[in-house]
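Please read it alongside the sequence and the model.

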Amino acid sequence: MVEEYYDPTMNDNTPLVEGVYPCHVSKCVLRKNVVVRGKYLSNVYNLTLKVSPEVSGHTFKGPNGDIKGNIYEGRDVYAAGVFFFVTPSSSEHSHLKSNPGGNENYLSFCQLIGFECPNKDITITVEGKEVTKNVPILPELEESDIKGKPLFAVVSSASWRDKTTGEERSSMKAKTFQ
């Protein structure tokens with residue numbers, strides 16, 4: 001007869017806790033031309049990350065003490081969207097504004113996954129005057145450019161509102177990357 005038992009190291013339902021997790025991008029869903037706040041146009045990269053075997057060398061602080069990282073190996077971590085603000089060019093989006101100042105996280109993301117963003121002099125019009133600036137030029141990444149790339153995901157609690165019930169909820173998400 002087999003005896004039934006409980007082994008906490010085999011519990012794959014242990015919730016993620018705040019921390020930095022070594023991961024690889026396992027899935028990327030790209031949504032193009034998303035209107036943000038009714039003002040800007042963005043491509044949004046929704047990422048699913050898979051916790052890498054390297055997590056076994058990590059220890060996390062849980063509500064009831066230390067948690068060995070190996071219980072998280074292979075788990076999915078969902079990331080907050082990575083926004084790439086683009087310049088509206090079609091008449092359909094002519095009421096929207098450009099938001100190049102909102103691309104800081106996208107620049108960081110590109111660099112973290114190994115894409116170079118070389119600087120270039122561009123001339124823009126600011127308050128009726130032409131101004132030359134030296135700025136990084138951002139690549140428009142495709143899903144295939146991102147899938148499989150290693151990242152360290154900084155996971156913390158993210159609040160959201162349930163569309164069906166209207167209730168405020170929270171879940172653990174990768175908000176930023178290292």
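Helix H1 is followed by Gly-114, whose phi is positive, near 95°. Helices (H or I, at least four residues) and strands (E, at least two) are DSSP runs, numbered from the N terminus. This is a predicted model, in which local features need pLDDT of at least 70 and side-chain atom pairs count only at pLDDT 80 or more, while totals for chains, interfaces and linings use all residues. Residues are numbered from 1 along each chain as its sequence is written, and side-chain values use heavy atoms, with hydrogens and water left out.

**Helix H1**

- H1 spans residues 104–112, and Tyr-106, Leu-107, Phe-109 and Cys-110 are buried in it (buried means under 20% relative accessible area, exposed over 50%, partly exposed in between, with a 1.4 Å probe and protein chains only).
- Seen down the axis of H1, these buried residues fall within an arc of 165°, so they line one face of the helix; the arc is that of the directions from the helix axis to the C-beta atoms.
- Glu-104 and Asn-105, on the other side of H1, are exposed.
- The partners against which the buried residues of H1 pack include strand E2 (40–51), helix H2 (143–146) and strand E10 (168–177); contact means heavy atoms within 4.5 Å.
- Gln-111 also lies in H1 and is partly exposed, at 46% relative accessibility.
- The C-alpha atoms of Gln-111 and Thr-132 are separated by 24 Å, the two residues being 21 apart along the chain.

**Cysteines**

- The structure holds 0 disulfides (a disulfide is a pair of cysteine sulfur atoms within 2.5 Å).
- For Cys-23, the closest cysteine sulfur is in Cys-28, 15 Å away and too far for a bond; Cys-23 is buried, at 1% relative accessibility.
- For Cys-117, the closest cysteine sulfur is that of Cys-110, at 4.6 Å, which is also too far for a bond; Cys-117 is buried, at 11%.

**Salt bridges**

- There are 6 salt bridges in the structure (a side-chain nitrogen of Lys or Arg within 4 Å of a carboxyl oxygen of Asp or Glu).
- Lys-32 pairs with Glu-142, their closest N and O atoms being 3.9 Å apart.
- Lys-32 lies in strand E1 (residues 19–36) and Glu-142 in the loop between E8 and H2, so this pair ties together parts that are 110 residues apart in sequence.
- Arg-161 forms a salt bridge with Glu-168 at 3.2 Å, and both residues are exposed.
- Arg-169 and Asp-162 meet at 3.4 Å, N to O; Arg-169 is partly exposed at 35%, whereas Asp-162 is buried at 14%.
- Salt bridges that share partners join Lys-32, Glu-140 and Glu-142 into one network.
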